[in-house]
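The exercises below concern the spaces inside a protein model and one patch on its surface. Work through each task with the structure open before reading the solution.

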Amino acid sequence: MNKKELGLGLLLVVISVITGMINPAFLSVVNLLNLANLIGLFGVFALGEGLVIITGGIDLSLGSMFALLGVVFVDLLTTYQVPWPLALVAVLLGGLVLGAIQGVLITRLKMQPFIVTLCGLLIYRGAARYYTTDSTRGFGYGDEAATLSNLASGHVVAGIPNTFILLIILALVLSVVLHRSVYGRWLYAVGKNEEAARFSGINTNMVIATAYIISGGLAGVATVLFVFYTNSVSPSSFGNFYELYAIAAAVLGGCSLRGGEGSILGIVLGTALLQVLQNLVNILGIPNSLNFAVMGTVILIGVLADQQLQARRKRKLALAGLARTAPRSTLPPGVEALPARTGDQA
């Protein structure tokens, strides 16, 4: 755990304690379990967004991807009576395919990630609304899909939500991938300087494309979790602005929007901090309409803090470089240098 993650963890504890002092209901078992469930729901796709940001990109299409995959998933279970394992595989493959398409457009056609994913945001949402004629899709399934529902929204160990357990498992796996594998080092190298990474022999196109594919796959997983959390999918509102939650969690967790920085633990802590802040807003009686204002403020503060840390780090490196390159005296020990002449000083 580095200093940034330690500071984020301490901030999370301080805010939790203050919130608990304001309203003891925050520390109740029911509220903590509900908070854990929300952290699991939003943390799953925030991990994918974090990997994309580490490469120096961004994914704005996550919320619309949820809408498109969500209506397809519900239709497969209800209208076409597809067994839930096949429907689950179809949604996961759909997320991977959408992520792969975006990755190819960015790497092969050299399009800007912002433009590609912004177009995805519009296209996926529009396709979901057209597919359903802008109507809400709900459940009307039998006991077979109830098994998947229990896995997605139930609990197995000591009342802890399965979503939170899944987040921990995914975080551990991705932590090994990011921090203990060659691919993880490639991600950081591409984010720091894509051109230098390419000249060093790294297949930068493959690294960037796989980051978007992983993000799409995790979006598919999150879609299934959210569908059973809401029990219905409205194509016009399902997943609205969820990409902002992911970006805010990643930025709070130490992922630099310039790329090349971030950690899995930081993303998880950022997700937890964001949900605690949302809970604090509700406890203080602040209108829900200000939730997006809170998120915007959080992102702004996170970016400003990142800029200040970057500037401070550059100053330290510059001072260290000056100290190493400063001329050293060649006089023998105990011999003082002669005073400089006026001309020398000039």
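**Exercise 1.** Which residues line the largest cavity?

*Solution.* The model is a predicted one, and a search of the whole structure finds one cavity of 30 Å³ or more. The space in the largest cavity comes to about 30 Å³. Its lining is formed by Phe42, Ala46, Tyr245, Ala246, Ala249, Thr271, Leu274 and Gln275. Turning to the helices, at least two lining residues are supplied by each of α2 (29-54), α11 and α12.

**Exercise 2.** Describe the largest pocket, and find which helix supplies the largest share of its lining.

*Solution.* Begin with the volume of the largest pocket, which is about 370 Å³. Next, take the 19 residues that line this pocket, among which Leu8, Leu11, Leu252, Gly302 and Ala305 lie nearest its centre. At least two residues of the lining come from each of α1, α11 (242-252), α12 (264-283) and α13 (291-325), and α13 gives the largest share, with eight residues. Finally, the lining divides into 13 nonpolar, four polar and two charged residues.

**Exercise 3.** Is isoleucine 18 buried, partly exposed or exposed?

*Solution.* First locate isoleucine 18, which sits in helix α1 (residues 3-22). Because its relative accessible area is 45%, and partly exposed covers values between the 20% limit for buried and the 50% limit for exposed, isoleucine 18 counts as partly exposed. Together with Val14, Ile22, Leu284, Ile286 and Leu290, Ile18 makes a nonpolar surface patch of about 490 Å².

Terms used:
Residues numbered from 1 in each chain as written. Predicted model: local features only at pLDDT ≥ 70, side-chain atom pairs only at ≥ 80, totals over all residues. Heavy atoms only, no water. Patch = residues over 30% accessible without salt bridge, like charges linked within 9 Å, V, L, I, M, F, W, Y side chains within 5 Å. Areas by Shrake-Rupley, 256 points an atom, 1.4 Å probe, with all protein chains shown as cover. Salt bridge = Lys/Arg side-chain N within 4 Å of Asp/Glu carboxyl O. Helix = DSSP H or I, 4+ residues; strand = E, 2+ residues; numbered from the N terminus. Buried < 20%, exposed > 50% of the residue type's maximum accessible area, 1.4 Å probe, protein only. 1 Å grid on protein atoms, 1.4 Å probe; cavity = no way out; pocket = protein on both sides within 12 Å on 5 of 7 lines; lining within 4 Å. Points joined across faces, edges and corners; volume = space filled by probe spheres on them. Nonpolar A, V, L, I, M, F, W, Y, C, P; charged D, E, K, R; others polar.
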